[in-house]
Every structure is written in C-alpha cells, then in structure tokens.
Amino acid sequence: MHQPLTPAATRVLDRAIQLAAATDASSVEPHHLLRGLILEEARASEILSEHGISMPQIDEAFPQEPLLEHPHAKPVPLDDDVTPALQE
C-alpha cells in the first residue's frame, strides 16, 4: 500500500509539472523536480541550500536544451493524470 503524498510533495510535483509545461517539455524531467524542490519553501529546499545547491547551479547543470534520456528514466506525460504513475 502506498502512503499518500504530503501537501509539500504534492506542491513540488505540481510546480514541476508547471515548469515542464512552461518549457513545452513532453514530460517532467529531473531538473523540473529539482527546481520545484528549490522553489518550495520546505525542508527539502533547506537541505539543498545547506549543501550549496542553488537555482543557478541547476540551470548550469541542466541547460534548457533537450536532455538525453536516462536508460532508467520513466517520464510522466504531461497530458495524463500523474497519480497512477506516482503510485508505481
């Protein structure tokens, strides 16, 4: 049985989906999730900040060009409901 997402986790995922859609991405990629985590004012953003991870570093590490697909990546199409994919 899966645990429900916390409100903060739901906000991060929603933000990641919005960021992906804003760049016409066909799926939510790791850099969208990282940006969503940093933009969320929660413990995860504090931990990333404590480790020196900032938005400019993410922008540098993940340029806005098409990303190579990771062999184990499982993209979530933006036009589908993300809930089933998150429960897998």
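User: At what angle do helix 1 and helix 2 pack?
Analyst: Helix 1 (residues 7–22) and helix 2 (residues 30–39) pack at about 125 degrees, and their axes are 8 Å apart. Helices are DSSP runs of H or I, at least four residues, numbered from the N terminus. Axes are lines fitted to C-alpha atoms over the stretch in contact, with angles from 0 to 180 degrees between N-to-C directions. The model is predicted: local features need pLDDT of at least 70 and side-chain atom pairs 80 or more, while totals for chains, interfaces and linings use all residues. Residues are numbered from 1 along each chain as its sequence is written, and side-chain values use heavy atoms, without hydrogens or water.

User: Which residues of helix 1 and helix 2 meet?
Analyst: V12, L13, R15, A16, L19 and A20 of helix 1 meet H32, L33, R35, G36, L37 and L39 of helix 2. Contact means heavy atoms within 4.5 Å.

User: Moving on, is S45 buried or exposed?
Analyst: S45 is buried, at a relative accessible area of 14%. Buried means under 20%, exposed over 50% and partly exposed in between, with a 1.4 Å probe and protein chains only.

User: What does the side chain of S45 reach?
Analyst: It reaches the backbone oxygen of A42 at 2.7 Å. S45 lies in helix 3 (residues 43–50).

User: And which residues is L48 in contact with, leaving aside neighbours within four places in sequence?
Analyst: L48 is in contact with L37, I38 and I53. The C-alpha atoms of L48 and L37 are separated by 8.4 Å.

Terms used
Helix = DSSP H or I, 4+ residues; strand = E, 2+ residues; numbered from the N terminus. Polar contact = N/O pair within 3.5 Å; in protein donor to acceptor, adjacent residues only side chain to side chain.
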